[in-house]
Amino acid sequence: MKFTFACIFITSLVFYSFGIAVATPPQWTFDDPSEIEGWSAINQADLKVENGVLKTVSLGNDPYFFPGGEWNTRDWEPFSGKEFPTIYLRVKVNKTDTWQVYYVTEEETGWGESQRQNFEVQATGDFADLEF
């Protein structure tokens, strides 16, 4: 099944294990289309930036992508999930679904089901602000 979502603001992702924490988490607003450089559509996803919006299309039943890198790389400095424990997203989707955000820590450096946050995204026809 193919569905699309658009995201105009992503900040405070909870990734920490890749080194020494810094003061501020990464932030992507997509005001500049070059902000997508380095992002990786790893599995069943297509990504593009249009008019200040990250647009993705699901090409299967398990799409995922990484901001600014791939599985074990990134182009932003790590930060403390304890200092910045919240993820903010502004999204608009055409299908209600459960999304997942996976993360790693200094103690648990491998990706796994025990290190993820599930959340519901509603298809309302308008952009919605999510915080979790």
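Is R116 buried, partly exposed or exposed? With a relative accessibility of 28%, R116 counts as partly exposed, where buried means under 20% relative accessible area, exposed means over 50%, and partly exposed lies in between (1.4 Å probe, protein chains only). The model is predicted, so local features need pLDDT of at least 70 and side-chain atom pairs count only at pLDDT 80 or more, while totals for chains, interfaces and linings use all residues. Residues are numbered from 1 along each chain as its sequence is written, and side-chain values use heavy atoms, with hydrogens and water left out.

The chain as a whole comes first. Its secondary structure amounts to zero helices and ten strands, both taken as DSSP runs numbered from the N terminus (helices: H or I, at least four residues; strands: E, at least two). Along the sequence the pattern reads β-β-β-β-β-β-β-β-β-β. The chain has 132 residues, of which 38% count as buried. Its accessible surface is about 7600 Å², and carbon and sulfur atoms hold 47% of that surface; the areas come from the Shrake-Rupley method with a 1.4 Å probe, and for residues only the protein chains shown count as cover. A contact means heavy atoms within 4.5 Å. Of the contacts in the chain with a separation of 6 or more, 60% are between residues 24 or more positions apart.

At 0% relative accessibility, F30 counts as buried. F30 also has a positive phi of about 65°, although it is not a glycine. N51 is another residue other than glycine with a positive phi, here near 55°. N51 sits in the loop between strand 4 (45–50) and strand 5 (53–58). Its relative accessible area is 76%, and N51 is exposed.

The aromatic side chains follow. A pair of aromatic rings is described by the distance of the centres and the angle of the planes. Rings of Phe, Tyr and Trp (its six-membered ring) pair if their centres lie within 6.5 Å; planes under 30 degrees apart count as stacked, over 60 as edge-to-face and the rest as tilted. The count by this rule is six aromatic pairs. Among them, F30 and W39 form an edge-to-face pair, with 5.5 Å centre to centre and 70° between the planes. F30 and W39 are both buried. Another edge-to-face pair joins F66 and W111, at 5.4 Å centre to centre with 70° between the planes. F66 lies in strand 6 (residues 64–66) and W111 in the loop between strand 8 (97–102) and strand 9 (116–121), so this pair ties together parts that are 45 residues apart in sequence. F66 is buried, at 9% relative accessible area, whereas W111 is partly exposed, at 24% relative accessibility. W28, F30, W39 and F65 make up one aromatic cluster.

Charged side chains are the next topic. Side chains of opposite charge can pair when their charged atoms come close. A salt bridge is a side-chain nitrogen of Lys or Arg within 4 Å of a carboxyl oxygen of Asp or Glu, and a search of the whole structure finds five of them. One of these is between K48 and E50, whose closest N and O atoms are 3.3 Å apart. K48 is partly exposed at 41% relative accessibility, and E50 is partly exposed at 30%. K48 and E50 are linked with K55 in a network of salt bridges. K95 forms a salt bridge with D97, with 3.4 Å between the closest N and O atoms. Both ends are partly exposed: K95 has a relative accessibility of 28%, and D97 has a relative accessible area of 24%. R116, the residue of the opening question, meets E113 in a salt bridge of 2.0 Å, N to O.

What remains is E70, which lies in the loop between strand 6 and strand 7 (88–93). E70 is partly exposed, with a relative accessible area of 44%. Leaving aside residues up to four places away in sequence, E70 touches S40 and I42. G38 lies 32 residues from E70 along the chain, and the C-alpha atoms of E70 and G38 are separated by 8.4 Å.
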